[in-house]
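I opened this entry to log a few look-ups on one chain.

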Amino acid sequence: MPGPGDHRRWYGDTGTAVRVGSALARHGDPGRIRRAGGGTGVHVVIMGCGRVGASLAAALERLGHEVAVIDKNLDAFRRLGSEFHGQQVVGVGFDRKVLIEAGIERAGAFAAVSSGDNSNIISARVARETFGTEHVVARIYDHKRAAVYERLGIPTVATVPWTTDRFLRTLLPDGVATSWRDPTGTVALLQLPMHEDWVGRRVRDLEESSGCRIAFIMRFGTGVLPEAKTLLQADDLVYAAAHSGTITDVTSVSARAPEEEN
């Protein structure tokens, strides 16, 4: 049986569920419940039974966790299918009575994945601030709002930047797509396409020419945290942090030969 860190195996290409599941899986293991057979799992409350919520619920159940799903539309629970054995609660996710019915008082995690930003963030705040749920995550469509919610201590998944990257990977398999973005979509981490003439040049030279920051280098299968004076070597996989709006410029610099100094 895979552990909580193996959520990605079960999601496949189910979109935001990957990010939400990963956000929950990264945290510790509070709210543990005892399973039949001696194992342990986490009680997770999910607000929203759309495609993301249903996919997340099914994946968590397959991993042995106890799940309660909240949705104001009774018909939405049809997405869960006949194999789902968790709790189904009709209501809104920021209603305290509804949350209590769903077991929020013993929950180790709460995910708000409805189609409404306001409902998601209010529900997440109620779970965190009223019931003390340690680990919460909210899906947010408006990436500008995500920055505000992050400052409130609510981890968010901004769907637009993530979806954009997925399309890039599908449409342009050999093109540049980011490995990670912050929840606001402002900063991205990406592997740079490197021209062979950068070999032997300093990391500082690449940073100054492109305006990025070299985050780390994979060298002979080992991660390296470079210094400014570190020299780039053949077969290095170079990962850089850059502002989202500068990715095209950054990659174009790294993909061509460095300009010779006068």
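For the first look-up I took a salt bridge to be a side-chain nitrogen of Lys or Arg within 4 Å of a carboxyl oxygen of Asp or Glu. The model I searched is predicted. With that cut-off, the search of the whole structure returned six salt bridges.

**Entry: R106 and E66**

I looked up R106 and found a salt bridge to E66, with 2.4 Å between the closest N and O atoms. The two residues are 40 apart in the chain, and the pair links distant parts of it. I placed R106 in the loop between α4 (96-101) and β5 (109-112), and E66 in strand β3 (residues 66-71). I then checked accessibility. R106 is partly exposed at 42% relative accessible area, and E66 is also partly exposed, at 28%.

**Entry: R125 and E129**

I noted a salt bridge between the side chains of R125 and E129, at 2.9 Å from N to O. Why are R125 and E129 separated by about one helical turn? Both sit in helix α5 (residues 117-130), and they are four residues apart. R125 has a relative accessible area of 32%, so I logged R125 as partly exposed.

**Entry: R219 and D236**

I looked up R219 and found D236 as a salt-bridge partner, the closest N and O atoms lying 2.7 Å apart. R219 belongs to strand β10 and D236 to the loop between β11 and β12, so the pair ties together parts 17 residues apart in sequence. Are R219 and D236 buried or exposed? I counted residues under 20% relative accessible area as buried. R219 has 14%, so R219 counts as buried. D236 has 10%, so D236 is buried.

**Entry: R201, R202 and D205**

I found a network of salt bridges that links R201, R202 and D205. D205 is also on my list of buried residues in α8, together with V203, L206, E207 and S210.

**Entry: the sheet**

I traced an open sheet of five strands in the order β8-β9-β12-β10-β11, with antiparallel pairing. Its edge strands are β8 (180-181) and β11 (222-224), each of which pairs on one side only. Within the sheet I followed β9 (residues 187-191) against β12 (residues 237-243), an antiparallel pair with five bridges. I asked which residue of β12 is the bridge partner of L189. The partner is A241.

**Entry: helices on the sheet**

Helix α8 (residues 203-210) packs on this sheet and touches β10 (213-219) and β12. I read an angle of about 135° between the directions of α8 and β10. What covers the buried residues of α8? The cover includes β10, β12 and α9. Just after α8 I came to G211, which takes a positive phi of about 85°.

I then turned to helix α9 (residues 247-255), which lies across β8, β9 and β12. Helix α9 runs at about 25° to β9.

**Entry: cysteines**

How many disulfides does the structure hold? I found zero. I looked at two cysteines for their accessibility. C49 is at 0% relative accessibility and therefore counts as buried. C212 is also at 0%, so I logged C212 as buried.

Technical notes. Residues numbered from 1 in each chain as written. Predicted model: local features only at pLDDT ≥ 70, side-chain atom pairs only at ≥ 80, totals over all residues. Heavy atoms only, no water. Disulfide = S-S within 2.5 Å. Buried < 20%, exposed > 50% of the residue type's maximum accessible area, 1.4 Å probe, protein only. Pairing = 2+ DSSP bridges. Contact = heavy atoms within 4.5 Å. Axes fitted to C-alpha atoms, helices over the stretch in contact; angles between N-to-C directions.
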